[in-house]
Amino acid sequence: MPRHLPVLPNQPASSLNKDGTRNFVHPADVSGRFTNVRWVVFAVLMVIYLVLPLIQIGGRPAVFLDVEHRRFFLFGGSFNAQDFWLVFFLLTGIAFVLIVVTTLWGRVWCGYACPQTVFLEGVYRRIERFVEGPRNERMKRNAGPWNASKTWRKIAKHTLFVLFSLFFSHFFLSYFVSLPSLLDMMQRSPSEHPQAFAWMAVMSVILYGNFAWFREQLCLIICPYGRLQSTLTDRDTLVIGYDVGRGEPRGKKKPLSARELGEQARRQSSSPSGEGTVEAPEVGDCVDCGRCVHVCPTGIDIRNGLQLECIGCAACVDACDDVMTKLKRPTGLIRYDSQRRFDDPSIPKKIFRPRLLIYVAVFVAWVVGMVFALRSHEPFAANLLRPPGGTPYVVEDDLVRNTVQVHLVNKTDHDVTYHLEAVEDPAVPFEYVLPMPEVELAGGADRHVPVIVRLPEDAMRRGLTVRLRVRAEDGDEPRELTATFLGPLR
């Protein structure tokens, strides 16, 4: 089949005009199999977002990031600030999954699961369609003068935008203060909790400004993910594209006019072989209806090839399939496929390729590191420290005295009693003084426990070590702590 180049439009079909000014995008309504999948995914993600603060696991919300007290609860696990290094594995895991997904299926994350898409397409633009009507009505009303209909619709839309922004920002805040605390705060004066109120107000303004005005510009200007797609994808990545060979040249198949029919009859009468037959010009399956452009949430024309602005939502696929079905032509003129198969549809799909083998190796390394990190997570932390600002040692009555501190941190969310004891060494006559051999700590609490160690001055030598053992009453393995004993050397 001969290949045809797509006809580029004179005016850019995007969110920017030729002179660089903003071209506000008004996506048309669309329905179809991919759109239905998106609505289901949007609903599931929205339910998860709203339900997580309500689900209780072990008496705590499923996700509770108590930044004020530096305690974090994730699906029954309890962590504190000393476990912050585990965030490295969380972030690298998310980044790795995103890289693999992009390599295999392009920007499906952007089109189906990105919070920007979920909230914009699943909530705010649905509100806009409900209040202001479909695309053509909105564009006509916006271009017209201000009247009663336009005024009340704008006021109603933006009022709903503000209310939903306040609702979502409050729920976001509940991840950090817990839902019961949030409900209590809402019944009190903002002056009693100014930090929480300020965060809620700032988040509300950001959400409203983003979804009421900035919208797709966040994906095009701020988000770096789209600019990385050229390095994350290859010619075998599943992307949304336009079948140029089948669709070009664009246009509607028109019957011959009366003049052309007459010309054809004259040529046929003068040429028995029929060489003078006049045929209608050949056109592709694309009728250039522009439906794929009208439904695009970023306003691009997918027929111009893979573009930075494409978020892989497949709205254009549903729109084009609907037109092809009405015209009784095969669907798939715009579809999910690899760029290699768009050039030659006879090539089989290729999933496994060299870069995926590298990803498998990286994934194995990440799993090993993650398992090690989780196994090293302990229910309590204990360290033997020296008091800040104190003297290293004191000599009195022929005794060398060291004062140390046992820093205990209870990483669990319940009370635990800890037992401290000295580890005696018969070869070294240390004398231990433990003012608090038992320490009870509330969940997430910590305490510095002083310990005094004395040694006769004539027994002092280099390399002596203080040894203490800390044991949790709930059965955790005891921890042995060591520190160098300091004193004068003869």
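Colleague: How many nonpolar, polar and charged residues does the lining of the second largest pocket have?
Modeller: This is a predicted model, numbered from 1 along each chain as its sequence is written. Local features need pLDDT of at least 70 and side-chain atom pairs 80 or more, totals for chains, interfaces and linings use all residues, and side-chain values use heavy atoms, without hydrogens or water. Ala, Val, Leu, Ile, Met, Phe, Trp, Tyr, Cys and Pro count as nonpolar, Asp, Glu, Lys and Arg as charged, and the others, Gly among them, as polar. For this lining that gives 10 nonpolar, 5 polar and 2 charged residues.

Colleague: Which residues lie nearest the centre of the second largest pocket?
Modeller: A pocket is an open set of points on a 1 Å grid over the protein atoms alone, where a 1.4 Å probe fits, with protein on both sides within 12 Å along at least five of seven lines; lining residues have an atom within 4 Å of a point. This one holds about 460 Å³, the space filled by probe spheres set on the joined points. Of its 17 lining residues, those nearest the centre are E68, L173, F176, V177 and A196.

Colleague: Which elements give two or more residues to the lining of the second largest pocket?
Modeller: Helices (H or I, at least four residues) and strands (E, at least two) are DSSP runs, numbered from the N terminus. The elements are β3 (63-66), α6 (148-177), α7 (179-186) and α8.

Colleague: Which helix gives the most to the lining of the largest pocket?
Modeller: The largest pocket has a volume of about 1,400 Å³. Its lining has 37 residues, with V63, L65, L90, I94 and Y175 closest to the centre. By class they split into 33 nonpolar, 3 polar and 1 charged. The top contributor, with 5 residues, spans 194-214: helix α8.

Colleague: How far apart in sequence are the parts that the F96 and F363 pair ties together?
Modeller: Rings of Phe, Tyr and Trp (its six-membered ring) pair if their centres lie within 6.5 Å; planes under 30 degrees apart are stacked, over 60 edge-to-face, the rest tilted. The count is 24 aromatic pairs. F96 and F363 are stacked, at 5.8 Å centre to centre and 15° between the planes. F96 is in helix α2 (87-105) and F363 in helix α16 (354-375), so the pair ties together parts at a separation of 267 residues.

Colleague: Is F96 buried or exposed?
Modeller: Buried means under 20% relative accessible area, exposed over 50%, partly exposed in between (1.4 Å probe, protein chains only). F363 is partly exposed at 40%. F96 has 11%, so F96 counts as buried.

Colleague: Which residue lies over the face of F380?
Modeller: A charge sits over a ring if NZ of Lys or CZ of Arg is within 6 Å of the ring centre and within 35 degrees of the ring normal. R22 sits over F24, 4.1 Å from the ring centre. Over F380, at 3.9 Å from the ring centre, lies R479.

Colleague: What box do the C-alpha atoms of the protein chain fill?
Modeller: The chain has 16 helices and 16 strands. Of its 490 residues, 41% count as buried. Along the principal axes, the box is roughly 135 × 60 × 40 Å.
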